[in-house]
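The sequence and the structure are shown first.

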Amino acid sequence: MEANKNVQVAIYCRVGRREDTHAESAGITAQKSVLAEYVARQGWNLVKVYADDGYSGMNFNRPDFQLMLQDIRDGKINCVATTDLAVLSRNYLAYNRLVEDVLSKHQAHYVAVNAGGDMLNRAILDKCNLGFTKHGRGKAR
């Protein structure tokens, strides 16, 4: 993707285990920092930060995730950035449905920073070890 302000980015952060019930988890804070810096380096427009602290990646029953999907459908964002694939989903089938039913349908890109870039680019995706097991667990490498 080109470095320009036409890229309307949503940062999405998630950790499965919440460390503190009163404060944001350190993992969420770290993801936000890395992603905000990445988006700025690309020259993209950061529209919104979504974070689900303490939610499983095995399903999409996450409040901020659902808000983000609606913003994609409404055309407010055209790119989602995460630190790695496991932040978005730990379920391979759900991930594929998301790509087909939401991202591709609404011409939105998905960038997994630690996995090499635009995950809707087939060449990059083919090089990436998704790290999904039959149960959907594992980290992107």
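## Basis of the model

The model is predicted: local features require pLDDT of at least 70 and side-chain atom pairs pLDDT 80 or more, whereas totals for chains, interfaces and linings use all residues. Residues are numbered from 1 along each chain as its sequence is written, and side-chain values use heavy atoms, with hydrogens and water left out.

## Overall architecture

The protein contains 5 helices and 5 strands, where helices (H or I, at least four residues) and strands (E, at least two) are DSSP runs numbered from the N terminus. Along the sequence, these elements follow the pattern β-α-β-α-β-α-α-β-β-α.

Of the 141 residues, 42% are buried; buried denotes a relative accessible area under 20%, exposed over 50%, and partly exposed the range in between (1.4 Å probe, protein chains only). The accessible surface comes to about 7,600 Å², and carbon and sulfur atoms hold 48% of it. Accessible areas come from the Shrake-Rupley method with a 1.4 Å probe, and for residues only the protein chains shown count as cover. Among contacts (heavy atoms within 4.5 Å) with a separation of 6 or more, 67% join residues 24 or more positions apart.

## Aromatic pairs

The whole structure holds 4 aromatic pairs. Rings of Phe, Tyr and Trp (its six-membered ring) pair if their centres lie within 6.5 Å; planes under 30 degrees apart count as stacked, over 60 as edge-to-face and the rest as tilted. Tyr 12 and Phe 65 form an edge-to-face pair because their planes meet at 75°, with ring centres 5.4 Å apart. This pair connects distant parts of the chain, since Tyr 12 belongs to strand 1 (residues 8–15) and Phe 65 to helix 2 (residues 63–73), 53 residues apart. Both Tyr 12 and Phe 65 are buried. A further edge-to-face pair is formed by Tyr 38 and Trp 44, at 5.9 Å centre to centre and 75° between the planes; Tyr 38 and Trp 44 are both buried.

Tyr 12, Phe 60 and Phe 65 make up one aromatic cluster.

Just after helix 2, Gly 75 adopts a positive phi of about 80°.

In helix 4 (residues 92–103), the buried residues are Ala 94, Tyr 95, Leu 98, Val 99, Val 102 and Leu 103. They lie on the same side of helix 4 because they cover an arc of only 140° around the axis. The face turned away from this buried side carries the exposed residues Leu 93 and Glu 100. Helix 2, strand 3 (79–82), helix 3 (85–88) and strand 4 (109–112) are included in what covers the buried residues of helix 4.

## Ile 28 and Asp 53

Ile 28 is located in helix 1 (residues 26–42) and is buried, at 0% relative accessibility. Asp 53 lies in strand 2 (residues 45–53) and is likewise buried, with a relative accessible area of 14%. Although Ile 28 and Asp 53 are 25 residues apart along the chain, their C-alpha atoms are separated by 6.9 Å.

Residues up to four places away in sequence aside, Ile 28 touches Cys 13, Arg 14, Val 15, Ala 51, Asp 52 and Asp 53. With the corresponding exclusion, the contacts of Asp 53 include Val 15, Arg 18 and Ser 25. The side chains of Asp 53 and Ser 25 are joined by a polar contact of 2.6 Å. A polar contact is a pair of N or O atoms within 3.5 Å; within protein, one must be able to donate a hydrogen and the other to accept it, and residues adjacent in sequence count only if both atoms are side-chain atoms.

## Backbone at Gln 107

Gln 107 is placed in the loop between helix 4 and strand 4 and is exposed, at 68% relative accessibility. Although not a glycine, Gln 107 has a positive phi of about 55°. Most residues other than glycine have a negative phi.

Key. The arc is that of the directions from the helix axis to the C-beta atoms.
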